2 protein chains.
Amino acid sequence: MKTISKIIASIIVITTLINCATNFTGKAYNFGLIPSDSTYNTLVGNVYFEAGARSNWHTHAGGQILIITDGEGYHQIEGQPKQIMKKGDVIKCPPNTKHWHGASVNSNLSQLYIVPNTDKRIVTWLEPVTDEQYKAGN
Amino acid sequence: MKTISKIIASIIVITTLINCATNFTGKAYNFGLIPSDSTYNTLVGNVYFEAGARSNWHTHAGGQILIITDGEGYHQIEGQPKQIMKKGDVIKCPPNTKHWHGASVNSNLSQLYIVPNTDKRIVTWLEPVTDEQYKAGN
(Lines give C-alpha, C1' and ligand atoms only; values in the text may rest on other atoms or scores of the structure.)
Protein backbone atom coordinates (compact mmCIF):
# COMPACT_ATOMS: atom_id res chain seq x y z
CA MET A 1 0.00 0.00 0.00
CA LYS A 2 2.88 2.34 0.82
CA THR A 3 4.34 1.76 -2.66
CA ILE A 4 0.99 2.59 -4.27
CA SER A 5 0.73 5.73 -2.14
CA LYS A 6 4.22 6.79 -3.23
CA ILE A 7 3.40 6.21 -6.90
CA ILE A 8 0.17 8.23 -6.56
CA ALA A 9 2.05 11.00 -4.70
CA SER A 10 4.67 11.09 -7.48
CA ILE A 11 1.97 11.32 -10.15
CA ILE A 12 0.32 14.20 -8.25
CA VAL A 13 3.67 16.05 -7.97
CA ILE A 14 4.46 15.50 -11.65
CA THR A 15 0.95 16.55 -12.70
CA THR A 16 1.11 19.62 -10.49
CA LEU A 17 4.52 20.54 -11.85
CA ILE A 18 3.25 20.19 -15.42
CA ASN A 19 0.14 22.23 -14.57
CA CYS A 20 2.30 24.94 -13.05
CA ALA A 21 4.77 25.03 -15.90
CA THR A 22 2.92 27.49 -18.10
CA ASN A 23 2.26 30.04 -15.36
CA PHE A 24 5.54 29.78 -13.44
CA THR A 25 9.24 30.23 -14.09
CA GLY A 26 11.34 27.54 -12.36
CA LYS A 27 9.93 24.70 -10.28
CA ALA A 28 6.85 25.38 -8.14
CA TYR A 29 4.63 22.72 -6.56
CA ASN A 30 0.99 23.50 -5.78
CA PHE A 31 -0.81 21.49 -3.08
CA GLY A 32 -4.52 22.32 -2.85
CA LEU A 33 -6.14 22.22 0.60
CA ILE A 34 -9.65 23.61 -0.01
CA PRO A 35 -11.21 23.68 -3.50
CA SER A 36 -13.43 26.62 -4.32
CA ASP A 37 -17.19 26.19 -3.97
CA SER A 38 -20.26 28.38 -3.67
CA THR A 39 -20.60 27.77 0.12
CA TYR A 40 -17.20 28.93 1.40
CA ASN A 41 -16.25 31.13 -1.61
CA THR A 42 -12.63 30.48 -0.68
CA LEU A 43 -9.69 28.66 -2.30
CA VAL A 44 -6.83 27.55 0.00
CA GLY A 45 -3.56 25.76 -0.71
CA ASN A 46 0.18 25.77 -0.40
CA VAL A 47 2.84 26.47 -3.01
CA TYR A 48 6.44 25.37 -2.53
CA PHE A 49 8.81 27.34 -4.76
CA GLU A 50 12.40 26.22 -5.32
CA ALA A 51 14.98 29.02 -5.07
CA GLY A 52 14.65 31.29 -8.12
CA ALA A 53 11.13 30.09 -9.00
CA ARG A 54 8.24 32.55 -9.27
CA SER A 55 4.73 32.93 -10.62
CA ASN A 56 3.83 34.88 -13.74
CA TRP A 57 2.21 38.26 -13.24
CA HIS A 58 -1.48 37.72 -12.42
CA THR A 59 -4.58 39.24 -10.79
CA HIS A 60 -7.30 37.95 -8.44
CA ALA A 61 -10.75 39.52 -8.80
CA GLY A 62 -11.42 38.95 -5.08
CA GLY A 63 -7.88 39.65 -3.79
CA GLN A 64 -5.38 37.26 -2.20
CA ILE A 65 -3.86 36.61 1.23
CA LEU A 66 -0.44 34.91 1.59
CA ILE A 67 0.89 33.44 4.85
CA ILE A 68 4.59 32.55 4.67
CA THR A 69 5.19 29.22 6.41
CA ASP A 70 8.86 28.63 5.53
CA GLY A 71 11.83 30.12 3.70
CA GLU A 72 12.12 33.53 2.06
CA GLY A 73 10.68 35.09 -1.06
CA TYR A 74 9.50 38.15 -2.93
CA HIS A 75 6.12 39.75 -3.57
CA GLN A 76 5.63 42.64 -5.97
CA ILE A 77 2.59 44.68 -6.85
CA GLU A 78 2.97 46.37 -10.24
CA GLY A 79 4.42 49.87 -9.85
CA GLN A 80 5.65 49.23 -6.29
CA PRO A 81 9.04 48.01 -4.98
CA LYS A 82 9.58 44.28 -4.46
CA GLN A 83 8.76 43.19 -0.88
CA ILE A 84 10.85 40.59 0.98
CA MET A 85 8.61 37.88 2.55
CA LYS A 86 9.83 35.70 5.43
CA LYS A 87 8.37 32.91 7.60
CA GLY A 88 5.48 34.32 9.64
CA ASP A 89 4.75 37.25 7.30
CA VAL A 90 1.20 37.91 6.15
CA ILE A 91 0.77 39.62 2.78
CA LYS A 92 -2.41 40.97 1.20
CA CYS A 93 -2.94 41.82 -2.46
CA PRO A 94 -6.12 43.82 -3.25
CA PRO A 95 -8.68 42.76 -5.87
CA ASN A 96 -7.80 43.24 -9.55
CA THR A 97 -4.23 44.21 -8.73
CA LYS A 98 -1.39 42.89 -10.90
CA HIS A 99 1.26 41.06 -8.82
CA TRP A 100 3.70 38.17 -8.68
CA HIS A 101 5.28 36.12 -5.88
CA GLY A 102 8.00 33.53 -5.56
CA ALA A 103 11.13 32.32 -3.81
CA SER A 104 14.20 34.51 -3.39
CA VAL A 105 17.39 33.86 -5.35
CA ASN A 106 19.01 31.76 -2.60
CA SER A 107 16.10 30.30 -0.62
CA ASN A 108 13.09 28.07 -1.10
CA LEU A 109 9.66 29.44 -0.13
CA SER A 110 6.53 27.80 1.27
CA GLN A 111 3.43 29.98 1.21
CA LEU A 112 -0.13 29.27 2.19
CA TYR A 113 -2.50 31.10 -0.15
CA ILE A 114 -6.08 32.13 0.54
CA VAL A 115 -8.18 33.41 -2.35
CA PRO A 116 -11.41 34.88 -0.94
CA ASN A 117 -14.54 35.99 -2.83
CA THR A 118 -14.24 33.22 -5.41
CA ASP A 119 -17.73 33.98 -6.66
CA LYS A 120 -15.71 36.50 -8.68
CA ARG A 121 -12.97 35.20 -11.03
CA ILE A 122 -10.25 33.32 -9.04
CA VAL A 123 -7.18 34.21 -11.12
CA THR A 124 -6.24 35.77 -14.43
CA TRP A 125 -2.78 34.70 -15.58
CA LEU A 126 -0.59 37.20 -17.43
CA GLU A 127 2.99 37.34 -18.80
CA PRO A 128 6.10 35.83 -17.12
CA VAL A 129 8.23 37.87 -14.74
CA THR A 130 11.47 38.58 -16.61
CA ASP A 131 14.91 37.99 -15.03
CA GLU A 132 15.38 41.78 -14.93
CA GLN A 133 12.10 42.26 -13.01
CA TYR A 134 12.88 39.32 -10.69
CA LYS A 135 16.37 40.56 -9.81
CA ALA A 136 15.59 44.30 -9.62
CA GLY A 137 16.63 45.83 -6.30
CA ASN A 138 18.58 42.77 -5.10
CA MET B 1 13.09 48.33 22.87
CA LYS B 2 13.12 44.56 23.37
CA THR B 3 11.83 45.01 26.93
CA ILE B 4 8.99 47.23 25.69
CA SER B 5 8.15 44.67 23.00
CA LYS B 6 8.05 41.91 25.63
CA ILE B 7 5.76 43.98 27.88
CA ILE B 8 3.44 44.72 24.94
CA ALA B 9 3.46 41.03 23.94
CA SER B 10 2.61 40.04 27.53
CA ILE B 11 -0.27 42.53 27.61
CA ILE B 12 -1.59 41.16 24.31
CA VAL B 13 -1.44 37.56 25.63
CA ILE B 14 -3.13 38.53 28.91
CA THR B 15 -5.79 40.56 27.07
CA THR B 16 -6.40 37.74 24.62
CA LEU B 17 -6.70 35.23 27.44
CA ILE B 18 -9.19 37.46 29.25
CA ASN B 19 -11.14 38.02 26.03
CA CYS B 20 -11.26 34.29 25.43
CA ALA B 21 -12.29 33.43 28.97
CA THR B 22 -16.03 33.87 28.48
CA ASN B 23 -16.26 31.78 25.30
CA PHE B 24 -13.73 29.07 26.15
CA THR B 25 -13.20 26.43 28.83
CA GLY B 26 -9.54 26.15 29.86
CA LYS B 27 -6.73 28.27 28.45
CA ALA B 28 -6.86 29.26 24.78
CA TYR B 29 -4.77 31.97 23.14
CA ASN B 30 -6.04 33.72 20.00
CA PHE B 31 -3.53 35.37 17.63
CA GLY B 32 -5.20 37.32 14.84
CA LEU B 33 -3.49 37.36 11.43
CA ILE B 34 -6.03 39.09 9.17
CA PRO B 35 -8.82 41.28 10.58
CA SER B 36 -12.13 41.19 8.76
CA ASP B 37 -12.88 43.96 6.26
CA SER B 38 -15.24 44.57 3.37
CA THR B 39 -12.53 43.95 0.72
CA TYR B 40 -11.35 40.43 1.61
CA ASN B 41 -14.48 39.35 3.59
CA THR B 42 -12.21 36.96 5.47
CA LEU B 43 -10.99 36.63 9.07
CA VAL B 44 -7.79 34.62 9.66
CA GLY B 45 -5.90 33.77 12.82
CA ASN B 46 -4.45 31.06 15.00
CA VAL B 47 -5.70 29.63 18.28
CA TYR B 48 -3.40 27.71 20.61
CA PHE B 49 -5.39 25.51 23.02
CA GLU B 50 -3.76 23.95 26.08
CA ALA B 51 -4.68 20.27 26.63
CA GLY B 52 -8.30 20.05 27.80
CA ALA B 53 -9.22 23.55 26.54
CA ARG B 54 -12.07 24.03 24.08
CA SER B 55 -14.39 26.66 22.65
CA ASN B 56 -18.03 27.06 23.59
CA TRP B 57 -20.59 25.84 21.09
CA HIS B 58 -20.94 28.46 18.34
CA THR B 59 -22.01 29.09 14.74
CA HIS B 60 -20.53 31.04 11.79
CA ALA B 61 -23.01 32.52 9.33
CA GLY B 62 -20.47 32.14 6.48
CA GLY B 63 -18.93 28.81 7.63
CA GLN B 64 -15.42 28.11 8.90
CA ILE B 65 -12.26 26.33 7.71
CA LEU B 66 -9.70 24.95 10.20
CA ILE B 67 -6.15 23.89 9.28
CA ILE B 68 -4.41 21.98 12.06
CA THR B 69 -0.79 23.14 12.32
CA ASP B 70 0.32 21.27 15.47
CA GLY B 71 -0.89 18.85 18.16
CA GLU B 72 -4.18 17.01 18.35
CA GLY B 73 -7.75 18.04 19.09
CA TYR B 74 -11.46 17.49 18.62
CA HIS B 75 -14.13 19.00 16.38
CA GLN B 76 -17.80 18.27 16.79
CA ILE B 77 -20.82 19.35 14.78
CA GLU B 78 -24.03 19.10 16.83
CA GLY B 79 -25.70 15.72 16.34
CA GLN B 80 -22.56 14.13 14.85
CA PRO B 81 -19.73 12.13 16.49
CA LYS B 82 -16.63 14.00 17.71
CA GLN B 83 -13.87 14.07 15.06
CA ILE B 84 -10.18 13.70 15.96
CA MET B 85 -8.08 16.46 14.34
CA LYS B 86 -4.31 16.08 13.82
CA LYS B 87 -1.51 18.18 12.32
CA GLY B 88 -2.15 18.61 8.59
CA ASP B 89 -5.91 17.98 8.77
CA VAL B 90 -8.32 20.38 7.09
CA ILE B 91 -11.80 20.67 8.61
CA LYS B 92 -14.81 22.54 7.21
CA CYS B 93 -17.93 23.55 9.14
CA PRO B 94 -20.88 24.72 7.00
CA PRO B 95 -22.69 28.04 7.54
CA ASN B 96 -25.08 28.35 10.50
CA THR B 97 -24.01 24.97 11.90
CA LYS B 98 -23.51 24.58 15.65
CA HIS B 99 -20.03 23.24 16.49
CA TRP B 100 -17.10 23.37 18.92
CA HIS B 101 -13.37 22.66 18.66
CA GLY B 102 -10.44 22.36 21.01
CA ALA B 103 -7.44 20.40 22.20
CA SER B 104 -7.64 16.73 23.13
CA VAL B 105 -7.36 15.59 26.75
CA ASN B 106 -3.61 14.91 26.58
CA SER B 107 -2.31 17.20 23.81
CA ASN B 108 -2.11 20.89 22.97
CA LEU B 109 -3.60 22.05 19.65
CA SER B 110 -2.63 24.81 17.21
CA GLN B 111 -5.23 25.55 14.56
CA LEU B 112 -5.32 28.16 11.85
CA TYR B 113 -8.88 29.38 11.37
CA ILE B 114 -10.36 30.97 8.25
CA VAL B 115 -13.80 32.54 8.49
CA PRO B 116 -15.02 33.39 4.96
CA ASN B 117 -18.04 35.45 3.92
CA THR B 118 -17.67 37.88 6.83
CA ASP B 119 -20.18 40.21 5.20
CA LYS B 120 -22.51 37.85 7.08
CA ARG B 121 -22.21 37.57 10.89
CA ILE B 122 -18.72 36.25 11.85
CA VAL B 123 -19.60 34.23 14.97
CA THR B 124 -22.50 33.66 17.36
CA TRP B 125 -21.32 32.33 20.73
CA LEU B 126 -23.48 29.83 22.58
CA GLU B 127 -23.23 27.72 25.76
CA PRO B 128 -20.08 25.99 27.10
CA VAL B 129 -19.24 22.40 26.11
CA THR B 130 -19.81 20.33 29.25
CA ASP B 131 -17.23 17.84 30.53
CA GLU B 132 -19.64 15.03 29.53
CA GLN B 133 -19.87 16.35 25.94
CA TYR B 134 -16.09 16.95 25.80
CA LYS B 135 -15.18 13.45 26.98
CA ALA B 136 -17.92 11.53 25.11
CA GLY B 137 -16.50 8.72 22.97
CA ASN B 138 -12.96 8.96 24.40
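This is a predicted model: local features need pLDDT of at least 70, side-chain atom pairs count only at pLDDT 80 or more; totals for chains, interfaces and linings use all residues.
A rotation of 180°, with 0.0 Å of shift along its axis, places chain A on chain B with an RMSD of 0.0 Å. This is the relation of a two-fold axis. The contact surfaces agree with this picture: 100% of the interface residues of chain A are also interface residues in chain B, so the copies meet through the same surface.

The interface itself was then examined. On the side of chain A, 22 residues are in contact with 22 residues of chain B. The size of an interface is often given as the accessible area lost when the parts come together. Between chain A and chain B this buried area is about 1,700 Å², and carbon and sulfur atoms give 71% of it. Three residues, I34(A), Y40(A) and K92(A), supply 35% of the area that chain A buries against chain B, which is more than any other three residues. Polar contacts are also found here, with eight residue pairs across the interface of chain A and chain B. The elements of chain A that give two or more residues to the side touching chain B are β2, β6, β8 (90-93) and β10 (109-115).

Charged pairs were considered next. Side chains of opposite charge can pair when their charged atoms come close. Over all chains, the search of the whole structure finds 10 salt bridges, and the count between chain A and chain B is two. In one salt bridge, the side chains of K92(B) and D37(A) meet at 3.6 Å, N to O. This pair crosses between chains, from K92(B) in strand β8 (residues 90-93) of chain B to D37(A) in the loop between β2 (28-34) and β3 (43-49) of chain A. Both ends keep some accessible surface: K92(B) is partly exposed at a relative accessible area of 33%, and D37(A) is partly exposed at 27%. Another salt bridge joins D37(B) to K92(A), with the closest N and O atoms 3.6 Å apart.

Other salt bridges lie within a chain. In chain A, E72(A) pairs with K86(A), the closest N and O atoms being 4.0 Å apart. E72(A) belongs to strand β6 (residues 64-77) and K86(A) to strand β7 (residues 83-86), so the pair ties together parts that are 14 residues apart in sequence. E72(A) is partly exposed, with a relative accessible area of 26%, and K86(A) is partly exposed as well, at 44%.

In chain B, R54(B) forms a salt bridge with D131(B), and their closest N and O atoms are 2.8 Å apart. Here R54(B) lies in strand β4 (residues 54-55) and D131(B) in helix α2 (residues 131-135), so the pair ties together parts that are 77 residues apart in sequence. R54(B) is buried, with a relative accessible area of 4%, whereas D131(B) counts as partly exposed at 41%. Salt bridges that share partners also join E78(A), K98(A) and E127(A) into one network.

Strand pairing was examined in chain B. Strand β6 (residues 64-77) of chain B is joined by five bridges to β9(B), and the two strands run antiparallel. Within this pairing, Q76(B) has W100(B) in β9(B) as its bridge partner. Strand β9 (residues 99-103) of chain B is mostly covered, five of its five residues being buried.

Notes:
Residues are numbered from 1 along each chain as its sequence is written. Chains are lettered from A and ligands numbered from 1 in the order in which they are written. Side-chain values use heavy atoms; hydrogens and water are left out. Buried means under 20% relative accessible area, exposed over 50%, partly exposed in between (1.4 Å probe, protein chains only). Helices (H or I, at least four residues) and strands (E, at least two) are DSSP runs, numbered from the N terminus. Two strands pair if DSSP finds at least two bridges between them. Copies are superposed by least squares on the C-alpha atoms of residues with pLDDT of at least 70 in both. Contact means heavy atoms within 4.5 Å. Buried area is the accessible area (1.4 Å probe) that two parts lose on being put together, summed over both. A polar contact is a pair of N or O atoms within 3.5 Å; within protein, one must be able to donate a hydrogen and the other to accept it, and residues adjacent in sequence count only if both atoms are side-chain atoms.
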